[in-house]
Amino acid sequence: MEKLMREVKAQLESWPAWLEAKTVVLAVSGGVDSMVMLRLMHELNQLRQYAHLQLVVAHFNHKLRPESDNEAVAIKGIVAEYGCVYFATEWGQPATTNVEAQAREARYQFFAEVIRTTEADVLMTAHHLNDVAETFLMRMTRGTSIRGLQGIRGCYQRLMSDPSGHTVMPTIIRPFIGVTKAELEAYAEKFNVTYFEDASNFENTYFRNRVRNQYFPLLETENPRIKKAIIGLGLEIAQLQKALSGLTKDFNLTDLQTFRKQKREVQVFLLQEYLEKFPDLQLSKAQFDEILHILNTKTNYHHYLKNQYELIQDYQTFKIQKIGPKSDSKKGAILLQFEDIIELGGYCFSFGKELVGEVVQMIPVSRKTSIVLRHRQSGDRILLNGHHKKLARYFIDEKYSLKERDEAVIVEQFNEILGIAGIVTGDLSKNSKRDIMKDVLYIKKIDR
């Protein structure tokens, strides 16, 4: 068995998630690293031990280079020769700013869709040792926490969402985490592996390219083993985090009484540990500090975060969770029960749980029955200033566009319109008019 295959096989077999896997999605870009990964996994699949594995290839065409379409065709042909299941998609509308971040988000949404379709256990990517060192230096330069300097992990679970909002939690596996790019290139040359060189990798438009092409060569004049040193430091940080996790493993991380007894330094670690459960939340330092302040000073509190997450805190405990259910459909109606929080039409609606912010619309409601959120219908009327008025006439008088009228979210309870999100609150919702209106529907515009 070839040396690289032996090393990769040993690495894979150190991870229980790999040994238990039945379907594996390979993220194949066409570069030397992912094409070598494809060949190695095909060879591994020929062994009796792994003949049961279903290999699925997922190719995301970024459409950023003229050659990308031809490369996609070639990759499809190579995958067909290997007999793997193949999924591909194109990036329909490439971003004009922050291309790297938006491309990465779109790519992982596609991977999540493939994983959900194939019911895969594992997503395998071809990140290698050079990527680990580059990521460390990038994070350190941009500013990150100690936890962020652990670098790219070889095996971990990640919550991912597909384009329709469905979530999956595969194990991410990176078999080349200890392999240099030079070793992968040597393997490709030795075994005639076809791959495609992205010419833009040699341009210094993107930060990662500058790190790779400019900063590391300069640092290597001071220390030729700088990448190894960085990786060693990252591993040491990871070991320290693991040790601290072990020392605090008996803590109930969401118990406020326990949390508030700790020194600030311990609180920071505990909150970071808890936030590891939500990799797509991606809080800034200011947002992290805000949560820390809330946990130490507030009681019975609700705070909308970002990326469809919320912080809910009562007198004893706190939790962070995804907001749901979510719907942006203009058809049908959404029923909102007491204590529900949803997103609809660019707004966050919270039935009975306070939303904070500079501009939050508050509509008095009753908890005795559900609230209906819907779009306008023919014949709709609202009570304003003591008079019933057709919504159609109201929109005309207030000079709302057709688009705004179509997208308006109507708030209805007891078969009567109480208000329109972000626009107006009717008379019927006022406490002076109806004493059963003892709760509040909070409506906050979502900043994207």
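**Notes on the predicted model**

F349 stands opposite I443 in strand β22. Before we go further: this is a predicted model, in which local features need pLDDT of at least 70 and side-chain atom pairs count only at pLDDT 80 or more, while totals for chains, interfaces and linings use all residues. Residues are numbered from 1 along each chain as its sequence is written, and side-chain values use heavy atoms, with hydrogens and water left out.

1. **Strand β14 and its partners.** Strands here are DSSP runs of E with at least two residues, helices are runs of H or I with at least four, and both are numbered from the N terminus. Two strands pair if DSSP finds at least two bridges between them. β14 also pairs with strand β13 (residues 341–344), again in the antiparallel sense, over 4 bridges. In that pairing, E343 stands opposite C348 of β14. Look at the turn too: β13 and β14 make a hairpin with 2 residues between them, and G345 in the turn has a positive phi of about 60°.

2. **Is β14 enclosed or open?** Buried means under 20% relative accessible area, exposed means over 50%, and partly exposed is in between (1.4 Å probe, protein chains only). For β14 (residues 347–351), 5 of the 5 residues are buried, so the strand is largely enclosed by the rest of the structure. Both faces are covered, with Y347, F349 and F351 buried on one side and C348 and S350 buried on the other.

3. **A six-stranded sheet.** Now move to the open sheet of 6 strands, whose order is β3-β2-β1-β4-β8-β5 with mixed pairing. Its edge strands are β3 (85–90) and β5 (155–157), each pairing on one side only. On average, neighbouring strands of this sheet are turned by 25° against each other, direction ignored. Inside the sheet, β1 (residues 23–27) and β4 (residues 122–124) pair in the parallel sense over 3 bridges, and V24 stands opposite V122 of β4.

4. **Helices α3 and α4.** Two packed helices are described by the angle between their axes and the distance between the axes. Helix α3 (residues 32–45) and helix α4 (residues 68–82) pack at about 10°, with axes 11 Å apart. That angle makes α3 roughly parallel to α4. The contact is made by M35, L38, R39 and H42 from α3 and by I78, V79 and Y82 from α4. Those residues divide into 5 nonpolar, 1 polar and 1 charged. On the terms: axes are lines fitted to C-alpha atoms, for helices over the stretch in contact, with angles running from 0 to 180 degrees between N-to-C directions. Under 35 degrees counts as roughly parallel, over 145 as roughly antiparallel, 65 to 115 as roughly perpendicular and the rest as oblique. Contact means heavy atoms within 4.5 Å. Ala, Val, Leu, Ile, Met, Phe, Trp, Tyr, Cys and Pro count as nonpolar, Asp, Glu, Lys and Arg as charged, and the others, Gly among them, as polar.

5. **Helices α6 and α8.** How do these two cross? Helix α6 (residues 129–142) and α8 pack at about 100°, with their axes 10 Å apart. This makes α6 roughly perpendicular to α8. Residues in the contact include D131, L137 and M138 in α6 and F207, Y215 and L219 in α8. The contact of α6 with α8 divides into 8 nonpolar, 2 polar and 5 charged residues.

6. **E412, a buried charged residue.** E412 sits in strand β19 (residues 410–413) and counts as buried, at 13% relative accessibility. A polar contact of 2.9 Å joins its side chain to that of R374. Such a contact is a pair of N or O atoms within 3.5 Å; within protein, one must be able to donate a hydrogen and the other to accept it, and residues adjacent in sequence count only if both atoms are side-chain atoms. Leaving out residues up to four places away in sequence, E412 touches I371, V372, R374, I417 and L418.

7. **Two loop residues to check.** N385 has a phi near 55°, a positive value in a residue other than glycine. It lies in the loop between β17 (381–384) and β18 (387–390), and at 70% relative accessibility N385 counts as exposed. F414 also has a positive phi, near 55°. F414 lies in the loop between β19 and β20 (416–420) and is partly exposed, with a relative accessible area of 34%.
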